[in-house]
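Dear colleague,

I am passing on the structure we spoke about, and my notes on what was found in it follow below. Please read them with the model open beside you.

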Amino acid sequence: MIKLIFVLLVFLVQNNQAVPSPPLWGDGKAFDVKVNISTGSRKYSWSFQYYWDWNNRHSAYYHDQNQMDEVCRYVQGHESGKERCNVIMEQENYLVWFPDSATCCHWSSGAGMIRPDWMLDGKYIGDNTIEGKLCHGWLKYGASDNHFYAADDSTPCLFYEHKNSSDVDPAGIKEWDFIMDTYHARPQDQSKFVPGVDCSNSCPLIPGNKKIN
């Protein structure tokens, strides 16, 4: 009996210690990182440089060529993707800047940038080793099922979601693979959040695509 009680106590202690605190988005203040993004069937994949600055309430996605980002492709004349596209989020507004054609426009997403504590009421789903680093997994339901893995030192490891609908990939999965050795928690260069051209015009959107699904 004593041995059984001891085993149960060890089990309870180990399990209590095994559940980490919900992760912040990066360090919760400001960071930049390179991300490889892909769709569920791996039909499309590309890279983008991500800048996130909660201190100043904006973020930016600098997509490389051959991108298939839905925000960029919702703008009429840019449906095919392919060209470079920078998306700067200011509160609930997207500034969509196409540097190759030196054009920019804005539209309201109704979403807003990712909050630092967005996983606060998420569910712990276990650990996974990613690129040799131990990462803790969390799940939170919103418009889709959001899976996020982060390390103890706040390095983001992996994010993926199952989209309710997707014209890019029937599988509906979007995955961010963070290139962890490019992660830097630091104050951001504010010029990254300013388009290089005038962005005062509203975006002409593809009919039916008023918001991100």
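Aspartate 153 is partly exposed in this predicted model, with a relative accessible area of 44%, and its side chain meets that of lysine 133 in a salt bridge of 3.3 Å, N to O. Because lysine 133 belongs to strand β8 while aspartate 153 sits in the loop between β9 (145–150) and β10 (156–162), the pair ties together parts that are 20 residues apart in sequence. Lysine 133 is likewise partly exposed, at 27%.

The strand that holds lysine 133, β8 (residues 133–141), runs antiparallel to β7 (residues 123–130) and is joined to it by seven bridges. Within this pairing threonine 129 has leucine 134 of β8 as its bridge partner, and in the hairpin, where two residues lie between the strands, glutamate 131 takes a positive phi near 50°.

A second hairpin is made by β5 and β6, with four residues between them, and alanine 102 in its turn has a positive phi of about 55°. These strands, residues 93–98 and 103–108, pair in the antiparallel sense over six bridges, and phenylalanine 98 stands opposite threonine 103.

The count of salt bridges comes to seven, and one of them joins the side chains of aspartate 100 and arginine 84 at 2.7 Å, N to O. Since aspartate 100 lies in the loop between β5 and β6, and arginine 84 in the loop between α2 (70–73) and β4 (85–90), this pair ties together parts that are 16 residues apart in sequence. Aspartate 100 is partly exposed at 43% relative accessible area, and arginine 84 is partly exposed at 36%.

Definitions and conventions
Residues are numbered from 1 along each chain as its sequence is written. This is a predicted model: local features need pLDDT of at least 70, side-chain atom pairs count only at pLDDT 80 or more; totals for chains, interfaces and linings use all residues. Side-chain values use heavy atoms; hydrogens and water are left out. Two strands pair if DSSP finds at least two bridges between them. A salt bridge is a side-chain nitrogen of Lys or Arg within 4 Å of a carboxyl oxygen of Asp or Glu. Buried means under 20% relative accessible area, exposed over 50%, partly exposed in between (1.4 Å probe, protein chains only).
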